[in-house]
Each structure stands twice: as structure tokens, then as C-alpha cells.
Amino acid sequence: MAQRRQQQQVEDRVRLLFAGQDGWIHQLEEQKVTEIGALGGFSLGSRPKLVKRFAKALGKNESLKKLCLDNCDLRDAGVSYIAKALLRNDTLDCLSLCNNSIKVKGASHLAKLLKDNKTLRNVSLNSNNLRDSEIEYFAAGLRVNDTLRILYLNHNHIGDTGTADLADSLAFNHGLVELHLRGNNIGKIGAQYISDALKANKNLGMLDLGGNNIGDTGAESLATALLFNQSLWKLNIDWNNLSDKGIVGFSTALESNKTLTDLRTWGNDFNEFGDPGMYQHVIERLLKRNKETKEKQFREALNSEESATWNRSRLMFVGQGKAGKTATVRSLLGQPFVADWDSTIGADISEVKSTREKGEWRKDSLNSESDPVSSYFAARIMLGMGKPKLHVLREQIGSEEKKYVQKTNKTKTTYEKQDKKYVREARLDKNTGSSSRNKVAKDSNTMMNSPGGRKNEVVQEYDENLLLNARNDADALILSLWDFGGQKVFYAMHHLFLTKHGVYLLVFDMREILNLRTRNAAMKYMSFWLSSIRLHAPLSPILLVGTFLDRIDSEGDLREINNILREKMKSSAAQIINCDSEDLVFFPVDNEKGFGIIELRLKIEEVARNGSLFNEQVSMRFINFLDELLSAKYRENEQKPFLTLPVVKKMASKVGINNSATLLMALEFFHECGMLIHLTATQALTNMIILKPQWLIDALSKVIRDVDNVQHVHDIDEFANVGLKADLDMVSENALASRDFLEYVWEKEHVDFLIDLMRHTMLLSEWNFQRNFGKEKLFLIPSLLRDKKTFKGENAFMKNKPSCIFDFSTGFLPIGVFERLICLVVGHSVICRKKQIQIDYNSELMEPKLYLNFGSIEFEPGLILNILRRDSDIHDLQQIVLVVEDISRSAEGFVVVQAMLQKLNNDVMGTGLVWDILFESPGDKEEQVLSYDEAKKQSISPWFDQDKNFNSRSDSVEILNADIDNFLESL
Ligand SMILES: Nc1nc2c(ncn2[C@@H]2O[C@H](COP(=O)(O)OP(=O)(O)OP(=O)(O)O)[C@@H](O)[C@H]2O)c(=O)[nH]1
Ligand SMILES: [Mg+2]
């Protein structure tokens, strides 16, 4: 009966493997499955076709993390299929192939897998009858792998020769932390080899040699190794035919060894020297001493005033849409090339780690998500990587606190007042319309997004692996990669995420530069981005990356591109990093074949390692604070995408940061590193700490979308089905979003917070000029004003009226500035309309007329501002032109527009914008243009007509620091 049930279970598992839509093979292909572990017992060896089919699906998979095929009788052929298929995989973390009768062929394929693979951390090959001949292959793979952490080779037939091969690879291997060789045929000679390897190896923490036959001589040599080794904390030599003679050496070695805390000697014969257990007592005492010392050091490090470098940097990939940014990121991460990748919506963030400047990057987090960062950091300090407080740059508690610190008790924002329950993170893919392939890439941004198993409290416990990991990662480099969508519609929001520090990669398609028809447009994009980078990060290094090397015919073409770029990029030359080997100002890459990628990776590393973020000394206290923030982010059942400043202050004071200036410095540092988003131009923005940058980008991108890009367009049917077709039309025709629309795209989560954030970053304004929308609240989102609505009536509009020109031509007018100006003017108009209605319900303010490049808005009763964005490639013009409808109110109009430009420059442009002011008067024959100084000197009319309104509006620095509502009120 039991046998039949067992048989039935096995059959069920087979069905799971290949049955229809639910079968694993199907799920593998659909990227739905992350773990396969229930195939045990089913003999696949007799069904080679099925194994082949399974392996094929495995080769295509990009989601599987754990694969267990124990006891499946795979044999050599099956293991070879699986190993070959996994060569293409870069997600698998754990592979178990126990008891599958692996022979030389299978072992050689596994060895190749180990050589090439960058993700496997745990491999089990127990009970496979592996002999020295198989181990020889396997050891060769292990020698060059530094990703694998845990290797099980228990219960095989490994003898001294095989052990010698393994020991040889251990001397070179930099990653293995646990090696399990239990129940093999290792004798004293094998133990000797291992001992020699241990003298050189710096990362092995746990070695299990139990159930072998090393004898006293083998034990003695292992004890000698402990005089040199500083990483092994657990050694198991139980059941190895030892006598007291073998154990004596350990009691002596442990007098000087400070690392070993666990020595297993059970099952040996220790009675020869009279007092049984005498040596064990000594050993136990010394092991305990080691353990207590380490725990004490750990506590001290956690509470210390020391600081250390955190070895992080941030990469920002920018450039024209379809230039190959995402493809370059994937190449850098070692992911396969995909010929038809979807456009990036908003931006995608991922994290990688690179060790020892080998030019290999792994999607990996420094420590597991359940471990506090502070524990890892304390281990760095324990290893002497820290510096005393004297050197801490960031934690100098200045007596003069920053301007915004004083204003601690400010008004509460809408989202704060509502006692909203934080719910599960919004399912980000629901409305993005991206393909499943892209989805996988996004989901695999492990450290940034996944919840992990964080506890409610930050629990910092000493764990032996902490020291090993810290030592292993001593000079690792952690990179946060920000791959920005290249569609223009996103540019207005990108300003919020471009930071001062880090490395910028400006990606371009080389064919576009070579082709005369596309050259100008491509160069314009590059200039635009270089100017943007100069604006936000004037000191950051920039690498220009030219894609589609595979489509470039000759060296001559590369030189031509080089000459063009060198000439045009002169103004940013100081920031641009050259490709020395090719003597080019850019890095040519072929993402399809991967040419040029290694060099690019190495250069990025070099630049990042020399950068300020990487080398910044961070205090232990800051890292403790970060853990508090992360624990809120990952807290079970109530993951928070954002926090408010008062809450964050409480967290900070828990770890001893009681000073607001210090707190803000910590937040600024983590913002620069890309761990969170904290904008600080005004108090309301300072109050919002966004713990999940990707969440914010995705939320904004659900509203700010590109109509010209098929993948970005909202699905009309979907909106029609939920009764929001009219709302959607309103968005696409008039850039007006209803509250219902926003609630729908944001799945009713954190709607008030997001509206508030968009308002404060001037991406959105209220709109109370109701069209046919009853009483529902509408919001204007100027970034959505469409191309088709470009205003063409410039001549008629300008004719015979004096105009004021805000001229950005000598500098740069980024996308998003004009739109924000419109936001502010409309915002003020909305306030006035509200007031006006209270006085006289019938006296309406004119509904703003808005186009992509023009707005005619009744700023307040009678003061209609006509604002035009004018740019011309031919004349290199970038201007914002103001014409006031009622000429007699021009002086007022000028002052408010100037104040608004200053405000948006202050709040979202890092005060980097510069502009000249010109006044143009219509003349009989020729227009007269005067500079601001000239015009002021002459008190030129109408701009400098002194009237009461003008005086009351004189611009003041005070209002620049005001929050948006106060600012708009004060105008
Ligand atoms: N042959 C070839 N194709 C490439 C190369 N680089 C990118 N591509 C392809 O060009 C297309 C656009 O590349 P993406 O990486 O998606 O471009 P992007 O800059 O991220 O585009 P957005 O996300 O829209 O801003 C994709 O289909 C890529 O597969 C290259 O070096 N050679
Ligand atoms: Mg992209």
C-alpha cells in the first residue's frame, strides 16, 4: 500500500514536470518558477528525451533560483545536459544533484559550469561515487570560480589524489566558505595537502573532514595549519581514527589561533594518555575564549565611533531612446543579448557587486537581506578596516545647522494627516504593459526591491560568516545602476534622480552619428545630456558609450565619430573619460557579441573606485541608522515605500543621531548612493523620505508616459472596462488627470503622497477650471502636453507687443523647466480662482490655454501671462518669452515669472540654471533689444514702470525657501 502511494507520488511529480500549462517545463519557459525541488526519486535516467527537453527549458529560463534533482538517476548524460543548459543561466543560486552517478563526462561539464557561472552559491554533489578522476575536473573549475560559497562532496570516493587537486584549487579560490568532504577516503596525505592549502587560503570558514581516515599524522598537520590560518572557524574531524596524540597539536595551536571556535572530534579514541579528555578541556576553553573575544569585538565595533569606507558607487545610464542603454547594462551584468528589448519605462534600478577588480559583476547583495548591513559593517571594523572618528567626514556636527533644520515643526501634508494603513507594495507591472522578459529583469533587482525576511527589530547577532564575508568583500565595489528611459517624456522627472556624485554613462548609437540624416538629432541629444549632467553633477566623470559596434564597418568610421564628438563635446571635455586603448573619447561596444564590454567594465570600476562616494568614510552610526530605515522598508506585512521626517528622526535618535544636521547628512549620503530618495529644497520635500526609489519611478511613470511609444501607451480597452475612458481621453488630449484616473493607475495606494510629491516637484498642478467633469478634482500634468499641440501662432502673438526674453542660450534650458513654469503659473491661477469665486461666483478666471510650447494663463484677475518656449537649432536659441496681455501690467508679470524661474531652479534644478534677461520692443522697422542692465538703467517702459503692484511684488530670497503653497500665495 505504502509502496503504491510512493509510486503515485513519483508519478505526480512527473506530471508536474511536463504536464500541460501547469508543468514545470512550461513554467520554466514562462519564467514563472523560482524553485524546483520535488523531483526526488523519479528516475529521469531512463527518459533521456525528457531530460533534454527539461534542460532546453532550463536554458531559456531567467527566473529559477533553486534546482534540486537529487536521486533522479540522471547519470552522466543527464547531468551533462543540465550543466550545459545552465551555462546560459544567470539566476540559479542553488544546485543539488546528489546521488546521480556522475562520471567523468558529467564532472567535466560541471567543471565548465563552475568556470563560467557567476551566480551559483551552493552546490551539492553528495553520494555520487565521485572518484579522484572526476574530482580532477571539478577542482579545475573550482580553482577559477569565486562565486561558489558552499560545496558538498560528502559520501563519495575521494582519495588523497583527489584531495590534492581540491587543495590545490583552494589555494587559488577566493569564494568558498564551506567545504564538506565527509565520508570519503581521505588519509593522512590528503590531510597534509589540505593543511598546506589552509595556510594560504583566506576565506574557508568551515571544513568537514568527518568520517575519513586522516589519523594522528593528518590531524597534526591540520593543527599546524591553524598556526597560520585566520579564517577557519569550524573544523570537523570526527570519526577519523585519532588518538590523543593527534589532538595535542590543537591544544597548542589554539594558544595562538584566535579564529577557530568550533572543533568536532567525536568518534575518535582519546584514551591513550591516561587522563581522558584532558586535551579536550584545554581545547574547549580556548575555543570558548575565541568565541567570546569575537563577540565582544563585534559589540564594540557596533557601538564604536569608528568609520569605514562603504565601497559603494552609483552609475547613471542616460541618452537617447533606443540608443542601447539597457542592452549595455545587460552586457555589463553578463546577461544575454536580446535583439528586441522593450523600451525602458521611467528607469530601472539594479545592484551589482564586483570583487577584486576582475572586471566581473554579479547581481548580488553584500550580505543576505535578512542580515543587517550594520553587522557586516561592524565586521569590517573588526578587521581593522575602520578609522577613528577623527577622520569621519560626514559626521562633523556643525554648530551652524543647515537652513532647513531650524524649521522643524512645519505644517502637515495631506498624506500625513490621513492615518493610512501601508499596504503591500503596488504590483508594479500591472499597468506598464512591459513584456515578461523585461519583467524578469526588473524583478531580479534583488537588494533594492525584494522584501527579504527582515525582522521587526534590527537584530545584530555575531555570526561567524560575517567576518569571512567582510574579508572576502574587503575591496569589493557595490554599484547601483540606474538605467533611465530615453523617451523625452521622462526627462522632466529624471531631474529628480540625477545626483551630484557617481559615474554617468552617456550612451549613443554610433550609426546615428555616422548617418548624415540623423547626426544632428543624435548630437543634440548628446549635448542635451551633457548639459544636464553639467547642471546636476559638474564634477562627476562621464563615459561616452557608442553602441552597435557590430554595425560599424571600419576603423575609419570610428575615427570619424571620434573627431565629431571631440569637436562637439569640448565644453564637457574635463568630465569625459577617454578610452585609452583605442585612443578614443568614447567606448565602442557591441552588445550583441559583447566586444568592448570588459574594457568598459574595468574603466567604470577604476573611475568608481577613485570617486568620492566609494572613498567616503561612513560612520558606524550612519550604518546603524540605515538598518533602521531598511527594517521599516522590509517590515513584514507593512512595507513602506516612504517615511516622514519625524518618523525618521525617531529612528535616528534610537541609534544616537540626535542632531538634525547630522541626520540630514546621513540622508544625503544614502540619497547619493541611490539607497533612497531625499530631496531637500523645501521643508515639504525634506519631509518625504522615499525608501524605494524604484517604486517612486514606477509610480510616476504610470502617469508620465510617451504617446509615441507603443509599449508606453495606456490600454484604452482596459480603461473603458473600468469606466475611465473619458478620464483617459482627458489625459491624452489635455494633460489633465482626474483623481479617479490617478487612483486607478496607482491602485489606490499612497495617492495623496504621490500627488503631493508631484506638486512639490512641480510635475503637477491643481486644476479647478472644470470642463465637463462635474465636481471631480482634476490635475494638470504639463509634461503630458503633446507634440501635436505645438503652438504655431508665434508671429501673431508677438506682434506689436513688448516681450521679455529669459534667454538660456549661453547655458541650457532643460526639458521640464518650461513645463514647471506652466505648473506654477497655473497653480497661482487656481488659488486666485478659488478666492475669486468666494467673492463673486460668476466672475471666472479664464481657463488656461495650453500647448506643448505655449501657455496663455490668467495669473490673477486681469493679469494674463503669455509664455512661449522658443528653441531653434539653427540659431542655437533656447528661450522662454513672456508677453503680458495688458501691457500696463508688464512689470508685475516680469517680476512673478522671474521669481518662479528662480524658485524652480532652486527646488528641482540644483540652482544650476543660468539665464540672461532681454527686453524686446516692437519698433517701426527693427525690433529693439535691450539687456536687463541697460533696460533697468533707462527704466524702460513698460517693464520698469513703477507702480504699486510692482513694488509689492519685489522678489525676495525668503520666498525661495518657502513650500510651494506659501510661495504661490506670496506671489
Ligand atoms: N546589433 C546590436 N543591437 C543593439 C546593440 N545595443 C542595443 N541593441 C538593440 O537596440 C535596441 C534598443 O536597445 P535598448 O538597450 O533597449 O535601448 P535603450 O537605450 O535602453 O532604449 P530606451 O529604454 O527606449 O531608452 C534593442 O533591441 C537592443 O537589442 C548593439 O550593440 N548591437
Ligand atoms: Mg532602456
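Let's start with the aromatics. Phe 806, Phe 894, Phe 919, Tyr 932, Trp 943 and Phe 944 are linked by ring pairs into a cluster. Keep in mind that this is a predicted model. Across the structure there are 28 aromatic pairs.

Stay beside that cluster for a moment. Trp 943 and Phe 944 belong to it. Now look at Pro 942. Its place is the loop between helix H36, residues 932–937, and helix H37, residues 948–952. The peptide bond joining Ser 941 and Pro 942 is cis. Omega there is about 5°. Most peptide bonds are trans.

Next, a helix pair. H34 covers residues 817–839, and H35 covers residues 890–908. Their axes come within 10 Å. They cross at roughly 120°. H34 and H35 are therefore oblique to each other. What is the hand of the crossing of H34 and H35? It is right-handed. So much for geometry; now the residues. From H34, the contact uses Val 817, Arg 820, Leu 821, Leu 824 and Val 825. From H35, it uses Val 897, Met 900, Leu 901, Leu 904 and Val 908. By class, that contact has 9 nonpolar, no polar and 1 charged residues.

The crossing of H20 and H21 is right-handed. Which residues meet here? On the H20 side, Arg 519, Met 523 and Met 526. On the H21 side, Glu 560, Ile 564, Leu 565 and Lys 568. The contact of H20 with H21 divides into 4 nonpolar, no polar and 3 charged residues.

Phe 548 is not a glycine, yet its phi is positive, about 65°. Most residues other than glycine have a negative phi.

Last topic: charges over rings. Where does the charged end of Arg 312 sit? Over the ring of Trp 310, 4.5 Å from its centre.

Key:
Residues numbered from 1 in each chain as written. Chains lettered and ligands numbered in written order. Predicted model: local features only at pLDDT ≥ 70, side-chain atom pairs only at ≥ 80, totals over all residues. Heavy atoms only, no water. Axes fitted to C-alpha atoms, helices over the stretch in contact; angles between N-to-C directions. Helix = DSSP H or I, 4+ residues; strand = E, 2+ residues; numbered from the N terminus. Parallel < 35°, antiparallel > 145°, perpendicular 65-115°, else oblique. Left-handed = near helix turned anticlockwise from the far one by under 90°. Contact = heavy atoms within 4.5 Å. Nonpolar A, V, L, I, M, F, W, Y, C, P; charged D, E, K, R; others polar. Phe/Tyr/Trp six-rings, centres within 6.5 Å; stacked < 30°, edge-to-face > 60°. Lys NZ or Arg CZ within 6 Å of the ring centre and 35° of its normal.
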